[in-house]
Amino acid sequence: MFIDVRTLPDGSRLETDLAIIGGGVAGITLARALADSRAHICIIEAGGLEYDAEVQAFYDGECVGISYPLTGNRLRYFGGSSNHWGGFCRPLEAIDFEVRDWVPHSGWPFAIDELAPYYGPASEVVEIAPPRFGDKTYWARHTGTELPDLPSGRMEQRFVQFSPPTRFGTRYRDELRAAPNVDVLLNANVTLIAARTDGRSVQAVRIATLNGLHHEVHARQFVLATGGLENARMLLLSDDVMPAGLGNRHDLVGRYFMEHPHLSGFGDIVLADLERLPPIYRRRVRVEGRDASAAFTPSERFLRDNALLNAVFMAGEAGTYRDDTTADWPHARQHVDMLRAASHLIGRPHRPADAPLGNWLGLGCACEQAPNPDSRVMLTDERDRLGLRRIRLDWRLTHQDRHSVVTHMRMLAAEIGALGAGRMLVYAEHPDDWPAIVSGGAHHMGTTRMHDDPRQGVVDRNAKVHGVDNLYIAGSSVFPTSGAANPTLTIVALTLRLADHLRTRVT
Ligand SMILES: Cc1cc2nc3c(=O)[nH]c(=O)nc-3n(C[C@H](O)[C@H](O)[C@H](O)COP(=O)(O)OP(=O)(O)OC[C@H]3O[C@@H](n4cnc5c(N)ncnc54)[C@H](O)[C@@H]3O)c2cc1C
């Protein structure tokens with residue numbers, strides 16, 4: 001049942017077995033996964049079924065580090081940020097889970113084997129074809145093309161699969177509406193996670209509405225699933241019993257904020273003959289009813305040998321040059337000169353008279369950011385309409401983050417050259433070029449990190465907040481290390497794992 005809490009009598013007290021705070025990707029996935037249990041489940045969602053600027057304004061805040069669009073990079077209504085996500089899906093790699101001695105604070109409390117069984121079911125949730133992210137033979141067979149080898153061993157090919165993209169709020173709305181044991185509370189802003197007096201468990205959550213009502217939801221178990229920035233904010237705001245905030249005994253909540261720095265405009269690939277590079281490397285192709293595209297990632301061996309962070313590169317068709325093209329976009333002259341001077345080196349020694357001079361592909365890159373305690377979410381003294389302190393984000397990158405990606409750019413250029421299909425031109429080799437070309441990917445990670453040791457993590461390996469018996473966290477805020485893969489598939493996989501853990505605890 002969907003309930004607009006603005007229509008309930010003021011001061012209503014609701015009881016449930018499992019209260020899920022936030023009806024986005026993680027919240028909806030968890031409720032669906034447990035809908036077949038005997039537990040009563042309540043999703044508490046701040047927004048309604050549609051975008052509302054007044055509600056969205058609760059996401060406003062202040063940036064004191066790298067500039068970051070706090071309001072535009074997430075959505076506050078049922079379905080959460082899946083209402084405008086891009087659908088790029090790829091799992092984390094095995095190395096992303098390891099404690100790497102060259103990456104301070106790195107490593108998950110478990111290896112990829114623990115999460116691997118959940119990536120298949122997670123792929124169904126986000127509606128991608130069976131997960132074949134590293135299976136080159138499969139993509140070659142289904143696209144009917146030969147996919148070239150990268151013999152150096154420094155780079156590997158991976159395959160990104162695209163969700164339609166699944167809009168969780170619309171795709172799963174009817175299913176949740178029909179579930180007899182699930183209630184979805186709409187327009188219900190959680191303002192406080194109220195701990196019992198010893199701070200060791202949660203009693204209830206307090207809700208406020210924009211028409212001035214206040215309610216409470218009492219539950220046996222609580223799961224915080226308000227997104228990677230807001231999860232930290234909610235814990236920091238919940239300071240009535242624990243003055244530093246809930247789960248924040250060791251001053252970790254909000255720290256280690258990680259993004260995947262996204263770079264564009266740092267380089268292009270110039271090709272004399274587009275056909276030398278199979279379509280899956282330069283655009284999305286349709287396979288088994290779903291879109292997929294190839295990506296280049298550094299090999300595990302290269303990362304270890306050179307003590308680097310992970311990264312992923314993708315190319316996209318950007319333009320064609322003919323003999324009479326008078327292109328005036330940045331670097332066009334350089335492309336044309338290269339095609340004229342070196343087409344015998346980059347794939348087309350004898351060009352047919354009617355063939356274009358060549359083509360260029362734009363390049364995009366997403367990199368891993370090393371966990372850094374000084375990159376963090378805090379609270380400002382400014383308050384929102386409900387009187388809650390707003391978020392302050394201090395996103396920071398280090399020399400290590402910059403050095404890794406610049407090294408990968410150079411190496412990718414060498415690999416593209418070795419493929420014999422074209423040449424990669426790199427324009428932003430110096431780390432000082434970064435401010436102009438780096439942005440976030442709307443991936444908010446690390447602010448309630450997972451670690452077995454309460455002095456190093458906010459949640460334990462089961463995503464339970466250390467020191468609080470019945471409070472769990474779902475979402476990318478628990479990622480202790482981020483790899484370079486888009487986070488949502490992993491968020492769904494982790495949430496399905498959390499559902500398995502909670503199944504016996506909520507009834
Ligand atoms: C433009 C854009 C493109 C993206 N593209 C991709 C992509 O291609 N691939 C990828 O993997 N990821 C992508 N992402 C990221 C992806 O959307 C997120 O990883 C994912 O939505 C996070 O899920 P979540 O459940 O943790 O948070 P959300 O989906 O944001 O859900 C949080 C929910 O909590 C609710 N909430 C917040 N505060 C409260 C409160 N106080 N009380 C009650 N409810 C509250 C919100 O209204 C929201 O419904 C993209 C994001 C954006 C913004």
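How do the residues of the shell around the ligand divide into nonpolar, polar and charged? Select the ligand together with this shell: 14 of its residues are nonpolar, 20 are polar and four are charged. Here Ala, Val, Leu, Ile, Met, Phe, Trp, Tyr, Cys and Pro count as nonpolar, Asp, Glu, Lys and Arg as charged, and the others, Gly among them, as polar.

The model is predicted: local features need pLDDT of at least 70, side-chain atom pairs count only at pLDDT 80 or more, and totals for chains, interfaces and linings use all residues. Residues are numbered from 1 along each chain as its sequence is written.

Next, colour Gly22, Gly24, Gly80, Gly86 and Asn486, which come nearest among the 38 residues around the ligand (C-beta atom, placed from the backbone, within 6 Å of it). Two or more shell residues come from each of helix H1 (25–34), strand E8 (189–195), helix H7 (230–237) and helix H12 (488–502); H1 gives the most, with three. Helices (H or I, at least four residues) and strands (E, at least two) are DSSP runs, numbered from the N terminus.

Then select Ile20, Leu30 and Ile44, the residues with the most contacts inside the largest nonpolar core, which has 147 residues. Such a core joins buried Ala, Val, Leu, Ile, Met, Phe, Trp, Tyr and Cys residues through C-beta atoms within 7 Å; buried means 20 or more other C-beta atoms within 10 Å of the residue's own. H12 supplies the largest share of this core, nine residues.

Key: A residue is buried if 20 or more other C-beta atoms lie within 10 Å of its own, exposed if 12 or fewer, and partly exposed in between; C-beta atoms are placed from the backbone.
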